[in-house]
Amino acid sequence: MTFEPYQIIAVVASAVATLLVIELIRRRRIQPVLWLPWLGAALFPALLAAWIRPWAAVAKWFGIVYEPLLLVALASLLSFAMLLYLTVVVSGLIQKNLRLAQELALLRSKLDEFEERARPPG
């Protein structure tokens, strides 16, 4: 099996991206809830480049004349899915942050009220 130059470049780039993601996971710079999509996105180009013939066959089955367009479409779908997932995670964090801010404001209000009652008159 011979590899084309673009396949070698894609596999090497994917390996570098995978090592970068693994290093960020190891240093705990990527939260556990987010590491799987990033790892998948880093490995996806290597998967596509290593087995180009099955993707070409699928492209022909769909009637796509220029086979790399299927890979671009798959990469676009992966990017969309990842953005959607990250948006859901960030939205949940925004909601939790808002709830925490509201609870903190209530606690501060109660603390101020308690301090005012505890102060001796005069």
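This report describes the overall fold, the helix packing, the nonpolar core and selected residues of a predicted model.

## Overall architecture

The protein chain contains four helices and zero strands, and its pattern along the sequence reads α-α-α-α. Its radius of gyration is 25 Å, whereas the globule rule gives 14 Å for 122 residues; the chain is therefore more spread out than a compact globule.

Along the principal axes, the C-alpha atoms occupy a box of roughly 90 × 30 × 15 Å. Of the 122 residues in the chain, 16% are buried. Among contacts with a separation of 6 or more, 60% are between residues 24 or more positions apart.

## Packing of H2 against H4

Two packed helices are described by the angle between their axes and the distance between the axes. For helix H2 (residues 35-50) and helix H4 (residues 68-118), the angle is about 175° and the axes are 11 Å apart. An angle over 145 degrees counts as roughly antiparallel, and H2 and H4 are therefore roughly antiparallel to each other.

On the H2 side, the contact is formed by Pro-37, Trp-38, Ala-41, Phe-44 and Leu-48. These residues meet Leu-71, Leu-74, Ala-75, Leu-78, Met-82, Tyr-85 and Leu-86 on the H4 side. By class, the residues of this contact comprise twelve nonpolar, no polar and no charged. Within the contact, Met-82 touches Pro-37, Trp-38 and Ala-41, when residues up to four places away in sequence are not counted.

## The largest nonpolar core

The largest nonpolar core consists of eight residues: Val-21, Ile-30, Leu-34, Leu-39, Ala-42, Met-82, Leu-86 and Val-89. H2 and H4 are the elements that give two or more residues to this core. H4 gives the most, with three residues.

Met-82 and Leu-86 belong to this core and also take part in the contact of H2 with H4.

## Thr-18 in helix H1

Thr-18 is located in helix H1. Its relative accessibility is 11%, so Thr-18 counts as buried; the cut-off for this class is under 20%.

Apart from neighbours within four places in sequence, Thr-18 is in contact with Leu-39, Ala-42 and Leu-43. Leu-39 and Ala-42 are also members of the largest nonpolar core.

Arg-28 lies in the loop between helix H1 (5-26) and H2. The phi angle of Arg-28 is near 60°, a positive value in a residue other than glycine.

Arg-28 has a relative accessibility of 71% and therefore counts as exposed, the cut-off being over 50%.

## Ile-94 in helix H4

Ile-94 is placed in helix H4. With a relative accessibility of 54%, Ile-94 counts as exposed because this value is over 50%.

Ile-94 and Glu-115 are separated by 21 residues in sequence, and the distance between their C-alpha atoms is 31 Å.

Definitions and conventions:
Residues numbered from 1 in each chain as written. Predicted model: local features only at pLDDT ≥ 70, side-chain atom pairs only at ≥ 80, totals over all residues. Heavy atoms only, no water. Axes fitted to C-alpha atoms, helices over the stretch in contact; angles between N-to-C directions. Parallel < 35°, antiparallel > 145°, perpendicular 65-115°, else oblique. Contact = heavy atoms within 4.5 Å. Nonpolar A, V, L, I, M, F, W, Y, C, P; charged D, E, K, R; others polar. Core = buried A, V, L, I, M, F, W, Y, C linked by side-chain atoms within 4.5 Å. Buried < 20%, exposed > 50% of the residue type's maximum accessible area, 1.4 Å probe, protein only. Rg over C-alpha atoms; globule rule 2.2 N^0.38 Å.
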